[in-house]
Structures are given as structure tokens and as C-alpha cells.
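This briefing is for a reader who is meeting the structure for the first time. Please look over the sequence and the 3D view before reading on.

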Amino acid sequence: KLTINPTTRHTGALMDKSTDQFDETELHEAEPDLKRRWKGTWENLIKPDKKGEEMIEVERQENGEIEGRFFDLSAHGITIKFKGQLRFGNLFIRYWAPKGQKIMQDGCCFLRLQDDGSWKGYYADFSGCGTYELKLDQQR
């Protein structure tokens with residue numbers, strides 16, 4: 001489990017007021033291992049009846065950066081790529097449909113690590129915006 005120091009949550013590092021220097025020891029907290037399969041669930045805020053599930057594969061994780069792909073369980077044959085950054089229990093992800101896909105999917109989401117190991121937050125893309133939750137895939 002990732003422990004977040006509350007004094008660094010918003011600034012990323014402590015500032016020594018006497019010397020105006022950053023304390024970089026707080027910048028290298030242990031990051032959770034995300035390189036595995038996850039299940040994502042989303043719900044559109046404007047049209048609450050519009051919701052779905054997808055499988056997410058984090059294929060690479062290094063120095064706070066991740067990348068991989070995901071696919072909607074209801075849209076067979078369509079793969080969406082993503083890249084993201086992990087910082088202090090917060091995850092920012094940008095996703096897009098690769099060229100050649102027959103879908104316009106380009107957006108981002110911002111998630112925060114929860115005490116139970118899941119991630120919760122929001123997404124925004126061309127289809128709208130809404131809530132998003134990411135949990136470890138228990139079926140694998």
C-alpha cells in the first residue's frame with residue numbers, strides 16, 4: 001500500500017523556508033505496482049444511463065510513468081491506448097484510439113488511490129464526462 005505524506009500531497013515536496021530549497025527526499029515515495037490487469041467501470045454524469053466496463057492492461061511502468069491498452073467489454077475488436085503519470089497517489093491518464101480504429105476516442109482521466117487499493121476519479125472525452133473507478137481484475 002502506498003503511504004502518502006499529507007505535507008507533500010499538494011506541493012510534491014517540502015520547501016525549507018530558511019534556504020528556499022526543496023527537500024527532495026519526499027519526491028521518491030514507493031509507487032504501487034500497476035503492471036497488471038485492471039477492471040474499469042464508468043458512468044456518464046450527464047446521461048447516467050450511459051455506463052460501461054472495460055479491461056485495462058498496464059504493460060509498462062517505470063519511474064512513475066505507465067502505458068498500456070484497454071478495451072470496452074461491449075465493443076469487440078477495438079483497442080484504446082493510454083499513457084499516464086503516477087505522482088503521490090494520483091494517476092493522470094491520456095487515452096486515444098490508434099489510427100485505423102473505427103472509433104473517435106480521445107480523452108483523459110484523473111484518479112486518486114483509495115485505502116482499499118482501488119482508484120477513483122473522473123474522465124472527460126468526446127463522448128462526455130463522468131465518474132471512473134479502477135479495481136484489480138479478480139478473475140485473473
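The structure is a predicted model. The chain holds 10 strands and zero helices. Of its 140 residues, 35% are buried.

**Overall make-up**
- Read from the N terminus, the elements follow the order β-β-β-β-β-β-β-β-β-β.
- Among contacts in the chain with a separation of 6 or more, 35% join residues 24 or more positions apart.

**The largest nonpolar core**
- The largest nonpolar core has 21 residues, and the members that touch the most others are Leu34, Ile56, Phe82, Leu91 and Trp119.
- At least two residues of this core come from each of S3, S4, strand S5 (65–72), strand S6 (80–87), strand S7 (90–96), strand S8 (106–113), strand S9 (119–125) and strand S10 (128–136).
- With neighbours within four places in sequence left aside, Phe82 has contacts that include Ile56, Val58, Ile66, Phe70, Ile93, Tyr95 and Trp96.
- Glu57, Glu67, Gly68, Arg69 and Arg94 are also among the contacts of Phe82 on that basis.

**Asn90**
- Asn90 lies in strand S7.
- Asn90 counts as buried because its relative accessible area is 11%, and the cut-off for buried is under 20%.
- Beyond the neighbours within four places in sequence, Asn90 is in contact with Gln85, Phe110, Leu111, Arg112 and Trp119.

**The loop between S3 and S4**
- Ile46 sits in the loop that runs between strand S3 (37–44) and strand S4 (51–62).
- Ile46 counts as exposed because its relative accessibility is 64%, and the cut-off for exposed is over 50%.
- Ile46 forms a nonpolar surface patch with Leu45 and Tyr122, and together the three have about 360 Å² of accessible area.
- Lys50 is also placed in the loop between S3 and S4.
- Lys50 has a relative accessibility of 32%, so it counts as partly exposed.
- Leaving out neighbours within four places in sequence, Lys50 is in contact with Trp42, Glu43, Asn44 and Ser127.
- Between Lys50 and Gly130 there are 80 residues of sequence separation, while their C-alpha atoms are 9.7 Å apart in space.

Conventions. Residues numbered from 1 in each chain as written. Predicted model: local features only at pLDDT ≥ 70, side-chain atom pairs only at ≥ 80, totals over all residues. Heavy atoms only, no water. Patch = residues over 30% accessible without salt bridge, like charges linked within 9 Å, V, L, I, M, F, W, Y side chains within 5 Å. Areas by Shrake-Rupley, 256 points an atom, 1.4 Å probe, with all protein chains shown as cover. Salt bridge = Lys/Arg side-chain N within 4 Å of Asp/Glu carboxyl O. Helix = DSSP H or I, 4+ residues; strand = E, 2+ residues; numbered from the N terminus. Buried < 20%, exposed > 50% of the residue type's maximum accessible area, 1.4 Å probe, protein only. Core = buried A, V, L, I, M, F, W, Y, C linked by side-chain atoms within 4.5 Å. Contact = heavy atoms within 4.5 Å.
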